[in-house]
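Keep the structure in view while you read.

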Amino acid sequence: MVCRRTHTLTAAIAVLAGAAALLLTWIGSVGIWDPWELETADEARRLASGQVPQDHAGLSVWLVSLGFRFFGVHEWSGRLPIALCGLLAVLVALLLAGLDRGPRAGLYAAVITASTPLFLFNSRLMMGQAPAFAAQAGVALGVAGALFHVGERSSGDWKRALGWICLLFVSTVLAIETCGALLCALPPLLAGTTVALISGYPTRFRQNPRRALAGFALSCLTLGLLALVARDVLADRAEYSPWLGGRAGAGQPETFEMTLEAVFHSSAPWSALLPLALGRLALTPANGGERYTAFRAMLLLWIVGGYAAQTLYLARYGEEAPFLPVVALAVAVALMMRDVEESERSYPVYAVVSLFFAALIIRDYALYPEGPLAGMALSGLQLPEALNRKRDWAA
């Protein structure tokens, strides 16, 4: 047992070190992207010099300003805090998948999270949304801990319960400050509360005071944020709303498939397995155990809720927003890989389907060089044909 834990810890350290290398290597070798990264850099530089921001400055801008304040105004110093948030998101992915399927699934989730264009570009640029990835994943980790890992044993369970509740509240505050309650905090909260209500967890909450406390905290937090978001949606004010993460505006939203296309392209190469993983979540066998089924239902509802929240946000309150449940997608693929591995069976249909999706990704990357950057949600971004490295993407 000790030897197995040592190997698991060594593997986790190796994966995190690899993720750190991907995020931090040559982080200052590229100049500031104009105009997208330049806007964030200018706002952060003003904050670092003590000026009051003219508009709402989210957590990402404050983090960049801290990098400027401590290390000077450089490309690498502004990107460093965002990259560290990305590393934190990788760690949370490892812990979240490990809660359900053990450390091996956690290692898969960490590798998948750290190796997609959607995650890497958002973690290596100042305007990236790695802080939102980490905050939302932290909320989901707090929800999963409060629902499934409180009341399992008598010794120390009060401390465990309070620890999960504190993680839930702190992550929620950070999520709201980063991108607002609608986009960042509500999807995992609503997913967990819905699963708790439909899967019979209220009965066990009543039977165990520690679970009752965790369930009560989760329900109150979810309902409170939902009421605040609904109030501001109905008010439709022109002022910035921290609950909506934006202000009411006009414009023609894109059709629904645009978000799906962006997620598919920017989640490569794992997007070749993603449709299979989502289908497996929806068709989870009932004999897998109650917690097994409930966790997967929460994961699927988190992804669907994130898509619904982004659709509402883009329709009225903002022009650009990357898909935030990145960790949820990675955990879904990791769980499918772990299930297939443990079954010790061959899955030829999975292989054929994933090969077809991989061929589609290679074809789209060859035709559209900006495909890997689709998850950044940057309007007007076009890459020159000289940067269309078709053979590299195919490999």
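Leaving out neighbours within four places in sequence, Thr222 is in contact with Leu186, Leu189, Leu190 and Thr193. This is a predicted model. Thr222 lies in helix H11, which covers residues 209-235. Is Thr222 buried or exposed? Its relative accessibility is 1%, so Thr222 counts as buried.

**The whole chain**

The protein chain has 17 helices and 0 strands. It holds 395 residues, and 48% of them count as buried. Take the contacts in the chain with a separation of 6 or more: 75% of these are between residues 24 or more positions apart.

Thr113 is found in helix H5, residues 103-114. Thr113 also has a relative accessibility of 1%, and because buried means under 20%, it counts as buried. Which residues does Thr113 touch, not counting those up to four places away in sequence? They are Val90, Ala93, Phe119, Val327 and Ala330.

Val327 and Ala330 belong to H15, and both take part in its contact with H5. Here is how that pair is arranged. The axes of H5 and H15 come within 8 Å and cross at roughly 135°. That angle makes H5 oblique to H15. The crossing is right-handed. On the H5 side, the contact is made by Arg104, Ala105, Tyr108, Ala109, Ile112 and Thr113. On the H15 side, the residues include Val331, Val333, Ala334, Leu335, Met337, Arg338 and Glu341.

Two packed helices are described by the angle between their axes and the distance between the axes.

| Helix pair | Axis angle | Axis distance |
|---|---|---|
| H5 and H15 | roughly 135° | within 8 Å |
| H7 and H8 | about 155° | 8 Å |
| H13 and H16 | roughly 135° | within 9 Å |

Look at H7 and H8 next. H7 covers residues 130-148, and H8 covers residues 157-179. They pack at an angle of about 155°. That makes H7 roughly antiparallel to H8. Their crossing is left-handed. Which residues meet there? H7 brings Pro131, Ala132, Ala135, Gly138, Val139, Leu141, Gly142, Val143, Gly145 and Ala146. H8 brings Trp164, Leu167, Leu168, Ser171, Thr172, Leu174, Ala175, Thr178 and Cys179.

Now turn to H13, residues 274-282, and its partner H16. Their axes cross at roughly 135°. That makes H13 oblique to H16. Pro275, Leu276 and Arg280 in H13 meet Tyr350, Val353, Ser354 and Phe357 in H16.

**Helix H16 and its faces**

H16 has 20 residues, 348-367.

The buried residues of H16 are Ser354, Ile361, Asp364 and Tyr365. Seen down the axis of H16, they fall within an arc of 100°, so they line one face of the helix. One of them, Ser354, also meets H13. An α-helix has 3.6 residues a turn, so residues three or four places apart point the same way. The face of H16 turned away from its buried side carries exposed residues: Pro348, Val349, Leu355 and Phe356.

**Details in the loops**

Pro269 is found in the loop between helix H12 (257-266) and H13. A cis peptide bond joins Ala268 and Pro269, with omega about 0°.

Asp236 lies in the loop between H11 and H12. It is not a glycine, yet its phi is positive, about 55°. Asp236 is partly exposed, with a relative accessible area of 32%.

Glu344 is found in the loop between H15 (326-343) and H16. Its phi is near 55°, again a positive value in a residue other than glycine. Is Glu344 buried or exposed? At 75% relative accessibility, Glu344 counts as exposed.

Terms used
Residues are numbered from 1 along each chain as its sequence is written. This is a predicted model: local features need pLDDT of at least 70, side-chain atom pairs count only at pLDDT 80 or more; totals for chains, interfaces and linings use all residues. Side-chain values use heavy atoms; hydrogens and water are left out. Helices (H or I, at least four residues) and strands (E, at least two) are DSSP runs, numbered from the N terminus. The expected span of a helix is 1.5 Å times one less than its number of residues. Buried means under 20% relative accessible area, exposed over 50%, partly exposed in between (1.4 Å probe, protein chains only). The arc is that of the directions from the helix axis to the C-beta atoms. Axes are lines fitted to C-alpha atoms, for helices over the stretch in contact, and angles run from 0 to 180 degrees between N-to-C directions. Angles under 35 degrees count as roughly parallel, over 145 as roughly antiparallel, 65 to 115 as roughly perpendicular and the rest as oblique. A crossing is left-handed if the near helix is turned anticlockwise from the far one by less than a right angle, and right-handed if clockwise. Contact means heavy atoms within 4.5 Å.
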